[in-house]
Amino acid sequence: MTRITDLIHSGDHVPGSPAPLTTPIFETTTYLFDSAADVIAYNEGRSDKYLYSRYGNPTVVAVEEALASLDRAERALLFSSGMAAIATTLIGSLCAGDEVLCAAAIYGGTLHLLHDLLSRFGITTRFVSLEELASLGPVFSERTRVVWFESPTNPTLRCVDIRTVAAACRARGVLSVLDNTFASPLNQDALALGVDLSMQSATKYLNGHSDVTAGVVSGPRQLLAPIERARRLLGTVLDPMPAFLLGRGLKTMAVRVARHNENALAVARALEGDARISRILHPGLASHPDHAIAAGQMSGFGGMVCIDLHGDYDRAVRAYDRLRVIKRAASLGGVESIVSLPVLTSQWGHSDEQLAAAGVTKGMLRLSIGLEDVADLLGDLAHALG
Ligand SMILES: Cc1ncc(COP(=O)(O)O)c(C=O)c1O
C-alpha cells in the first residue's frame, strides 16, 4: 500500500474494546459492512449494525435512550433543533387537508411555521385561546388531526390542564402534542399526564449550558415511526458531536433543574408586590392565574419568570439595558440567567392582534433564572428597576 492510501485507511479502527465509561462520539457518517449478506441482513432488519448516520448513529441513539428513559417513553427521536423536531413531527404526522388546533399562546417559531409555511402545503391551523383549549369539545372539526400546545406557555407561563386536553384528544382519535420545553420532564411528566407525544427544545434545560441546538420528541414507537421516516427524508437528525454534549448535560440535569426551580421561586416571591411591576407571572406563585392547575400537574415550577412593567415598552427597555449579572440574550434554560424582551425576540413580528391573543405586552421582560447566587440576581434586578 502506498503512503497516500495508508493516510486514508490506517489508524481508523481501535482494536479490542477500551470499555470507555462514557459514550464516545462516533464521528462517522457511514459504517463498514463485511459482505453483501451483511447489507441484506441490515435491510431486512436482522442486524444491529448501522448504515448511515442520517438514519442512525450510536452516540445519537445512546442519548435518545437516555431521553426516552427521562420521559418514561418507549422511544425518543433527536433532531437538529427544537424547530426541526416540531416541523418533522407535523410533516410526518399530517397530510394536505388536515387541520391543526394550536394554542394562540405559543412560541413564535411554532406559530410562524404553522401560519406562514405549512399553510402553503394545505395544512391549515386554527389558533385557539387557552380557554377554548381547556374546553376542547366545541373547537374540534372533522379535519382536526393534531392538537399542539405548551404549558407553561412562552412567555406568559399560563398553564393548561394537560390531562383534560389529552383525554379530549384521545376520545376523538386526535394526536395531542405538548411542547414541554419550559417545564422539562423533571417538573412535568408529559406522557404520564396523557399526551401522545412530548416535544422539547433540547437547546434549553435538557442540555442546560447554552452551547447546543437540538430538539427531541418522545412517545410510543408506533406514533414515532412516521416521524422517523420524515426525519430520514428531511435530514433533520442531530449530529453526533452535539448529541454527545447534550448527553453530558443530561447527567447534571436533576441538580440544575432543582436549583432553577428554587432560584426562580425566590426571585418571583421577592418581586411580588413591587409597585414598579404591574404583573409578575410564575406558576409557583399563589397569585398566578393558573397556580392551581400548575400545582396539579407540576412537581416543580421551573426557572422562568415573566414581569410586566405596566405594559410600558420604554420602561422595559430601560430595565433591560441596566441589568449587569443577568445577560441580555434570547433563549432560556442555561446555567446563566438571561433576560429577553418578548416583543423583540420570541414574539418578534407578531401583529398587535397576535400579541393580544398570546397575552404578551410591550412592557414584558422574560427572565430565565439561572444557577447564580440568588442574592446577586435580586441585587441586579433592584438596580435595573431602580
Ligand atoms: C417553547 C419553545 N419551543 C420550541 C422552541 C424552538 O427550539 P429551537 O430554538 O431549539 O429550535 C423554542 C425556542 O426558544 C421554545 O421556546
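Tutor: Let us begin with an idea about helices: the expected span of a helix is 1.5 Å times one less than its number of residues. Please keep in mind throughout that this is a predicted model.

Student: What span should the 12 residues of helix α9 have, and how far apart are its end C-alpha atoms?

Tutor: Because each residue counts for 1.5 Å, helix α9, made of residues 240-251, should span 16 Å, and the 17 Å between its end C-alpha atoms agrees with that.

Student: Which residues of α9 are buried, and what do they pack against?

Tutor: A residue counts as buried if 20 or more other C-beta atoms lie within 10 Å of its own. In α9 the buried residues are P240, P242, A243, F244, L246, G247, G249 and L250, and they pack against α3 (58-70), β1 (75-79) and α10 (253-271).

Student: How should I read two helices that pack together, with α10 and α14 as the case?

Tutor: Two packed helices are described by the angle between their axes and by the distance between those axes. For α10 and helix α14, which covers residues 374-385, the angle is about 35° and the axes are 10 Å apart, and the crossing of α10 and α14 is right-handed. On the α10 side the residues are N263, A266, V267, A270 and L271, and they meet V374, L377, L378 and L381 in α14.

Student: At what angle do helix α4 and helix α5 pack, and which residues meet there?

Tutor: Helix α4 (residues 82-93) and helix α5 (residues 108-117) pack at about 35°, with 10 Å between their axes, and the crossing of α4 and α5 is right-handed. M83, I86 and A87 in α4 meet G109, T110 and L113 in α5.

Student: Which domains does the chain have, and how far apart do their centres lie?

Tutor: The domain assignment of the chain gives domain 1 (64-251) and domain 2 (253-385), and the C-alpha centres of domain 1 and domain 2 lie 23 Å apart. Between them, 31 residues of domain 1 are in contact with 37 residues of domain 2.

Student: How many residues are in the largest nonpolar core, and which have the most contacts inside it?

Tutor: The largest nonpolar core has 103 residues, and L78, V216 and V305 are those with the most contacts inside it. This core draws at least three residues from each of domain 1 and domain 2. To take one of its residues, V305 is in contact with A264, V267, A268, I280, H282, L367 and I369, leaving aside its neighbours within four places in sequence.

Student: Where does T23 lie, and why does it count as partly exposed?

Tutor: T23 lies in the loop between α1 (3-9) and α2 (36-43). Although T23 and P58 are 35 residues apart along the chain, their C-alpha atoms are separated by 8.5 Å. Apart from neighbours within four places in sequence, T23 is in contact with T59, A62 and G247.

Student: Is N180 buried or exposed?

Tutor: N180 counts as buried, because it has 28 C-beta neighbours inside 10 Å, and its place is in the loop between β5 (175-179) and β6 (197-201). Once its neighbours within four places in sequence are left aside, N180 is in contact with P185, Q188, A190, S198, M199 and Q200.

Student: What is the phi of A19, and what is the phi of H310?

Tutor: A19 is not a glycine, yet it has a positive phi of about 45°; its place is in the loop between α1 and α2, and with 5 other C-beta atoms within 10 Å it is exposed. H310 is not a glycine either, and it has a positive phi of about 55°. The place of H310 is in the loop between β9 (304-308) and α12 (313-322), and with 13 C-beta neighbours inside 10 Å, H310 counts as partly exposed.

How values were computed: Residues are numbered from 1 along each chain as its sequence is written. This is a predicted model: local features need pLDDT of at least 70, side-chain atom pairs count only at pLDDT 80 or more; totals for chains, interfaces and linings use all residues. Helices (H or I, at least four residues) and strands (E, at least two) are DSSP runs, numbered from the N terminus. A residue is buried if 20 or more other C-beta atoms lie within 10 Å of its own, exposed if 12 or fewer, and partly exposed in between; C-beta atoms are placed from the backbone. Two residues are in contact if their C-beta atoms, placed from the backbone, lie within 7 Å. A nonpolar core is a set of buried Ala, Val, Leu, Ile, Met, Phe, Trp, Tyr and Cys residues joined through C-beta atoms within 7 Å. Domain bounds come from an automatic or database domain assignment. Axes are lines fitted to C-alpha atoms, for helices over the stretch in contact, and angles run from 0 to 180 degrees between N-to-C directions. A crossing is left-handed if the near helix is turned anticlockwise from the far one by less than a right angle, and right-handed if clockwise.
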